[in-house]
Amino acid sequence: MSSTRRVFMMTVAVATLGIGMVRRALADDPVRVKLTLKDHRFTPDELRVPAGQPIEITVDNQDDKPEEFESKALKVEKVISGNRSATVKVAPLKAGRYPFEGEYNSKTARGVLIAE
Ligand SMILES: [Cu+2]
């Protein structure tokens, strides 16, 4: 193999590797969504996210009282102090509906995450 051809092949190999890494970074990047909790209600109370990608849900608790963000379907549970926010990570989901609630006020603090 000529040295010119060898350099060319190496350049192609490095470029291909580079593209592969960028693709992987994009696929692994979490989809970030935000929920606001106020007067013990979530806004929005219905969230749509892509299936098959990790999700990060930030819950901004604008009430003075603590709340526990909980979803058995998503296997998350997190206490958030009053006037604080917290972020929970969710592994890539299959398409479907995943209800969540504020456990301390579950009559009003309810919502659903829809993966599609
Ligand atoms: Cu709980």
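This briefing covers a copper site and a group of aromatic rings.

The model is predicted, so local features need pLDDT of at least 70 and side-chain atom pairs count only at pLDDT 80 or more, while totals for chains, interfaces and linings use all residues. Residues are numbered from 1 along each chain as its sequence is written, and side-chain values use heavy atoms, with hydrogens and water left out.

**Copper site**

- Glu68, Glu70, Glu77 and Glu103 are the protein donors of the copper ion, each through OE, at 1.9 to 2.2 Å.
- Donors are N, O and S atoms within 2.8 Å of the metal (3.2 Å for Na, K and Ca); water is not among the atoms, so sites may look incomplete.
- The angles among the 4 donor atoms run from 68 to 177°, and the site is irregular.
- Four donors count as tetrahedral if all angles lie between 85 and 135 degrees; four count as square planar and six as octahedral if opposite donors are over 155 degrees apart and all others between 65 and 115; anything else is irregular.
- The spacing of the donor residues in sequence is E-x1-E-x6-E-x25-E.
- Glu70 sits in strand 5 (residues 67-71) and Glu103 in the loop between strand 8 (96-102) and strand 9 (110-115), so this pair ties together parts 33 residues apart in sequence.
- Strands (E, at least two residues) and helices (H or I, at least four) are DSSP runs, numbered from the N terminus.

- Glu70 is buried, at 8% relative accessible area.
- Glu103 is partly exposed, at 35%.
- Buried means under 20% relative accessible area, exposed over 50%, and partly exposed in between (1.4 Å probe, protein chains only).

**Aromatic rings**

- The structure has 3 aromatic pairs.
- Rings of Phe, Tyr and Trp (its six-membered ring) pair if their centres lie within 6.5 Å; planes under 30 degrees apart count as stacked, over 60 as edge-to-face and the rest as tilted.
- Phe42 and Phe100 have ring centres 5.0 Å apart and planes at 85°, so they are edge-to-face.
- That pair links strand 2 (residues 41-43), which holds Phe42, to strand 8, which holds Phe100, 58 residues apart.
- Phe69 and Phe100 have centres 5.4 Å apart and planes at 45°, so they are tilted.
- Phe69 lies in strand 5 and Phe100 in strand 8, 31 residues apart.
- Phe42, Phe69 and Phe100 form one aromatic cluster.
- Phe42 is buried at 5% relative accessibility, Phe100 at 3% and Phe69 at 1%.
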